[in-house]
Amino acid sequence: MAGQVLADPGGPVLVALCRKGRDEAVSVVEGIGRVWACGVAVDWALLCGGGRRVDLPTYAFQRDHYWLPKAHGSGDAEGLGLSNTGHPLLSAALPMADGGSVVLTGRVGRTSHAWVADHQVGGVVLLPGTAFVELAVRAGDEVGCGRVEELTLQAPLILPERGGVRLQVVVEGPDATGGRPVAVHSRPDDGDTWTLHATGLLTEPGALPAGDAENWPPADAERIELDGFYEGLADRGYHYGNAFRGLTSAWRHGSDILAEVALPEDNDAASYGIHPALLDASLHPALLDAAGSDDENVRLPFSFNGVELHASGAAAARVRIAWAGTDTVALTLLDAAGHTVAVIDGLVSRPVKGELGAAVGSSSLFHLDWKRAADAATAAPVLGGGRWAVLQHPDADVLSALKDAADSVDTCADLDELIALMDAGTAAPDTVVLAMPSTTGAVDDGLTAAVHRRTAEALATAQRWLADERFAGSRLVCVTRGAVSTAGDAVTDLPGAALWGLVRSAQAEHPARFALVDIDDSVVSWDVLAEAAASGQDQLALRAGTRLTPVLAAAGAAPEDAPDVRLDAGTVLVTGGTGTLGGLVARHLVTRHGVRRLLLTSRRGRDADGVTELVADLTAAGATQVTVAACDTADPAALADVLAGFGDDDPLSGVVHAAGVTDDGIVGGLTPEQLARVLRPKVDAAVNLHRLTRHMNLAAFVLFSSFSGVLGSAGQANYASANAFLDALAQHRRTLGLPGVSLAWGLWEQSSGITARLDRGDLARGSRAGVRALTTEQALALFDRGLTADRALLVPVALDQRALAARAVTEPVPQIFRDLVRVPARRMAAAHPGTGGQDGPTLAERLATVPAEKRDALLLDVVRGHAATVLGHGSPGTVAAETGFLDQGFDSLTAVELRNRLAVESGLRLPATVIFDYPTPTALARYLGDELAVVDGTDPRAAEEGRVRQALSAIPLNRLREAGVLETLVRLAGLESADAAVGTPDHDGDPEGTAEGDGAAGIDDMDLDDLLRLAENDQ
């Protein structure tokens, strides 16, 4: 068989193989493996059930597993203590011990139930309302209540592009009338929150209707032409695929509508009571009357009343629809013989406004909430004391606020002056407060220059800070005034907002080295500045003396009174409009918002790739005027020329600023040119757009920002800075009474000019961080939410909260996620080195429990394990021990990530250049072993002594000198002087002065008792 498969990889033998049991298939694959071992090149894929494929190894002995995991919903429910239902949506039932209630469970997804992907409304894939009817009917069958007396839909269920949604139908015990309440909930595979979608009441069925024996259709029925019917529905927002285009014929008979509906030939109707796609198609004739009305709203089912199913498994039906009110219809479904299939006494529909956006927003739309630091999930203790330094600018008077917090405070004009003091012998401070100059919020000709200047200065300071190893144990606290908005308050320092984005990325690359504090002008806030600076929190805002910290919170549903944003009254400007995302937004504006005139700008204009096709698509979709202009929007004169023609007669109705570029690099290597290049199309263009349109009556001013500015993204300090400025500008506009919203996008699944360069490692890094890609339809639905937002900043990002929770087990989670992540109460036991939980034994303690001859192997496993994770490899064994990191695919960004992971694992402060200083996994493992300096763990007293030595080694010598114990320790070590302890540079820069003293016992020769006796004698 192996030979047949190799000769005909797409033939029936392969299909047969995939249908066999696992054991038999394994023997065939082993036979194929023997052919590989002979050197035969094989390049094909193993096709698996459901149309999935698995790429097989391309060379012999690639020892990875290629069997797909068991599909969701499979397995024996009875073996789990449940009852098998045999239903495609509800696979198991559990009668509760109370004797009354029943819970039915299942799962639905675009892959497992392909027909659901054909039901797209308002730009998103929805589980049709008729599916909830089917769920309620099946639940009623379970308890002998075959009539759905009522079923009200509470919220739409949007199906994700990947993965699925778990369903739970709860039927309660009978009430006083014998009816049973029913409720339908869902939860995404990667989520922890259940959403209520429908509630209702189940009762006993009534008598079977007599059916309808009249001729079909009646002789006096008037045929309705259906040509272009579904195309017309698509224009209104109902994008139905083949499974839902079931309306084949229709007639008008008096005030009723008659119709015939059918599922496609390839259907699984027999598995359902009534297939949701067939029942949904039965509702479509009601849209024939609505098609000629002035109501352009998308309407969806809201409530079903009196639903009874009398025949199961129908693949086609005759439908009679009778109007029972403005929004209510009654339906009867018959089979070909005229027998009743189903009856719905009343179906009420209603227009959809914010519901779809609310459903998307419940899992993918967030806002930045500023909470009391004491109320945050994790509040760091106040550090206090120590040596401080203040880099004081003329307009910042922070010295008096810090004088009582520190043992000593040095004041310097800038970091260079502080470094000069250290060169002269002053000890490195524990905390350095950098009081940033404040810039007023007026948007004038000097704003963009101020942003470029201050971010360049901040970048230079951060680079000097990171380059000087004497600051390795210190923390730089950047203090701004009015650079962030905590509760809709004004942003008065827009350049300071850009600085926040830059420093957030520096924090992502170098944990615990930077902090941000924004302060208002109240006296009580200045009184608590020292406490805030010493708190250990990464980001704080001081408002009226209260410490606030930023966290992400779900945006929730759109307000009921959210105003409609009408963009079709004029021209909408889209910057970056010829790019991928700009083009998608332009199409959406035409098809969803009825925009007929568009102005698309980009640097290349009509010379950009794909412009001709884009204009043709927009015109075909209904746009009457599409202007493509080659314009550098960062140039105020060029933008003014483009906008010169707009006025009352030809208004500009909206602006979408989607332009931007990236030029990534870690903070330590970022150049001023890279910073300026990224700031210009974001910051300069946004300021120009604001200044040149603020006198216009715009309906919307939308800025495309990035999650990197809110979270801080390693390797993107310049991009984060630019986008944090956009977030602040939107708030500034709102303060002025102008429309403005900044959408801090997460990753879009659609590749764009910005994301096209992301490789598999970049995507894997985002996945580990808990960030998934938004589908285009999800993103555009979130864009619609942003148009009616009551906030200046929204964060549309697909978060995998389970991945975040898993990350929280092994490493600290960024502060911004802490209200979204439920950390397990129990840590995971370490499966292999490098996976221990935060609360588990430290690496030093683990080393102390293994024999000395095995410690090197343990350390190497730790390094290779983390390196494999960073590179996106399946196992540590794929990382070669003696091959250089750079030769295995590491760059500066992945080097930083590996350093940070090893720092958390080891508890050591590791330089950012550690993989360049120790260029192979073996060399790096030896370095970690030397730094940890663990003694033999077989003697508990020796292990304790090792911890004492480790603690002493972590204390800077200048701190020991200040405490008055350095000379004692020097004597213990047998050194001649304190200078010998630190070493004096010779002409080559190497330390000297390590000679032993006059036979005095060195500290390395002393045990724990000797150290304790020494401490007692030295009091």
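This is a predicted model: local features need pLDDT of at least 70, side-chain atom pairs count only at pLDDT 80 or more; totals for chains, interfaces and linings use all residues.

A: A salt bridge is a side-chain nitrogen of Lys or Arg within 4 Å of a carboxyl oxygen of Asp or Glu. Residues are numbered from 1 along each chain as its sequence is written, and side-chain values use heavy atoms, leaving out hydrogens and water.

Q: What does the pLDDT of the chain average?
A: The average is 79, and 73% of the residues score at least 70. Over residues 375–384 the pLDDT is below 50.

Q: How many salt bridges does a search of the whole structure find?
A: The search finds 28. One of them joins Arg 470 to Asp 423, with the closest N and O atoms 2.9 Å apart. Arg 470 sits in the loop between α11 (447–467) and β24 (475–481), and Asp 423 in helix α10 (residues 415–423), so the pair ties together parts 47 residues apart in sequence. Helices (H or I, at least four residues) and strands (E, at least two) are DSSP runs, numbered from the N terminus.

Q: Is Asp 423 buried or exposed?
A: Buried means under 20% relative accessible area, exposed over 50%, partly exposed in between (1.4 Å probe, protein chains only). Asp 423 is exposed, at 55%. Arg 470 is partly exposed, at 37%.

Q: Which residues are linked in a network of salt bridges?
A: Arg 147, Glu 149, Glu 308 and Asp 345 are.

Terms used:
pLDDT is the predictor's confidence in each residue, from 0 to 100. Contact means heavy atoms within 4.5 Å.
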